[in-house]
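Trainee: I have a new model open. Can we go through how to read it, feature by feature?

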Amino acid sequence: MYQIDRFGPVVRIRMAPTFLGRPLLWVNAFWVAGLLIDSGCRHTVPDLLQAIEQEGLRVEQLVHTHTDEDHIAGTAELVRRFGVRPRVHALGLKGLTIPETKKELQLYRRFFWGAAEPSRGEALGDFVEAGTYRFEVIHTPGHARDHIALWEEREGWLFSGDLMLSPRHDRVRSVEEPAVALESMRTLAALPVRQLFCSHAWRVHESAEPLKHKVTFWERLRQDAAGLQSQGLSVREITRRLLGKNGFMEWATLGDVSKQNLVNGLLRAVGDPQRL
Ligand SMILES: [Zn+2]
């Protein structure tokens, strides 16, 4: 299932795999002036293609915010149809050429998103030009090591990939580095944003305020968690006390997406960026 929303010249293609006719999780791709940002998951490839056709969108360039399977799965088909050369951060080239296979994905990822087909890509430079727009490529690791945000200064547009989600986002995957993501979020929160386009959220915010709130929320969480840790509490107890009980996501993902991962990650010292 998909829906189209327009924000001036920016077209959002909002897609969701469905189960028994209901949307499971939403993922966004954006189009502006021939540039497509991300290409959705395996289960939504037909939606993406239909939306592009329905809206008569020319796809001349394709850039990925990162190479998680829910952002790159339409790419192989777009390469075949439009002859585009996908671009990602240099650290994502491998993820694009050799994406995780169906077998390698945990069950919940297979169920929600599906596995992406491999595609060949190129490394992004410092800027992406599309029509009269000029996007700065900002490396923002933490959610993923190859994660980037796109910033169009004159328009005040920020395409924040998976860094924003929600101001009180309190669960992360075990492979994420929340302490590193916090630094990346601080960088983006300082920008004079006029429209904040998130890769999953429905809401398009008109400033960087929600990002600032998320930074404050995670900073406080880290501080409080460190305080409780010094009193001898375990990470599990700290998580329960500060963020409450586990919910559906912990259950559905067998703990791969959890509140405890966030607390654990924030408490861990920020390591050598080479290790991210
Ligand atoms: Zn992601």
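**Reading the model**

Mentor: Start with helix H10. Its buried residues are Lys259, Gln260, Asn261, Leu262, Val263, Gly265 and Leu266. Bear in mind that this is a predicted model.

Trainee: How many of the residues of helix H10 are buried, and what follows from that?

Mentor: A residue counts as buried if 20 or more other C-beta atoms lie within 10 Å of its own. In H10, residues 259–267, seven of the nine residues are buried, so the helix is largely enclosed by the rest of the structure.

Trainee: What covers the buried residues of H10?

Mentor: Both helices and strands take part. The cover includes helices H6 (178–189), H7 (209–230) and H8 (235–243). It also includes strands E14 (172–173) and E16 (257–258).

Trainee: Take H8. At what angle do the axes of H8 and H10 cross?

Mentor: They cross at roughly 110°, and the axes come within 9 Å. Angles of 65 to 115 degrees count as roughly perpendicular, so H8 and H10 are roughly perpendicular to each other. The crossing is right-handed.

Trainee: Which residues of H8 and H10 meet there?

Mentor: From H8 come Val235, Arg236, Ile238, Thr239, Leu242 and Leu243. They meet Lys259, Gln260, Val263, Asn264 and Leu267 in H10.

Trainee: Now step back. How many helices and strands are in the protein chain?

Mentor: The chain has ten helices and 16 strands. Its radius of gyration is 18 Å, close to the 19 Å that the globule rule gives for 276 residues, so the chain is as compact as a globular protein of that length. The C-alpha atoms fill a box of roughly 60 × 40 × 35 Å along the principal axes. Of the 276 residues, 43% count as buried.

Trainee: What do the contacts show about sequence separation?

Mentor: Take contacts between residues at least 6 apart in sequence. Of these, 64% join residues at least 24 apart.

Trainee: On to sheets. What is the general idea?

Mentor: Strands of a sheet pair through backbone hydrogen bonds, either parallel or antiparallel.

Trainee: How many bridges join E12 to E13?

Mentor: Three bridges join E12 (residues 148–152) to E13 (residues 157–159), and the two strands run antiparallel. Tryptophan 151 stands opposite leucine 158 in E13.

Trainee: Is leucine 150 buried or exposed?

Mentor: Leucine 150, in strand E12, is buried, with 25 other C-beta atoms within 10 Å. Leaving out residues up to four places away in sequence, leucine 150 touches Ile37, Val63, Val128, Phe135, Val137 and Phe159. Phenylalanine 197 is 47 residues away in sequence, with 9.7 Å between the two C-alpha atoms.

Trainee: Last, the backbone. What should I look for in phi?

Mentor: Most residues other than glycine have a negative phi. Leucine 165 has a positive value, near 55°. Leucine 254 has a positive phi too, of about 50°.

Trainee: Where do leucine 165 and leucine 254 lie?

Mentor: Leucine 165 lies in the loop between E13 and E14. It is partly exposed, with 19 other C-beta atoms within 10 Å. Leucine 254 is in the loop between helix H9 (248–252) and E16. Leucine 254 is exposed, with 11 other C-beta atoms within 10 Å.

How values were computed
Residues are numbered from 1 along each chain as its sequence is written. This is a predicted model: local features need pLDDT of at least 70, side-chain atom pairs count only at pLDDT 80 or more; totals for chains, interfaces and linings use all residues. A residue is buried if 20 or more other C-beta atoms lie within 10 Å of its own, exposed if 12 or fewer, and partly exposed in between; C-beta atoms are placed from the backbone. Helices (H or I, at least four residues) and strands (E, at least two) are DSSP runs, numbered from the N terminus. Two residues are in contact if their C-beta atoms, placed from the backbone, lie within 7 Å. The radius of gyration is taken over C-alpha atoms; the globule rule is 2.2 Å times the number of residues to the power 0.38. Two strands pair if DSSP finds at least two bridges between them. Axes are lines fitted to C-alpha atoms, for helices over the stretch in contact, and angles run from 0 to 180 degrees between N-to-C directions. Angles under 35 degrees count as roughly parallel, over 145 as roughly antiparallel, 65 to 115 as roughly perpendicular and the rest as oblique. A crossing is left-handed if the near helix is turned anticlockwise from the far one by less than a right angle, and right-handed if clockwise.
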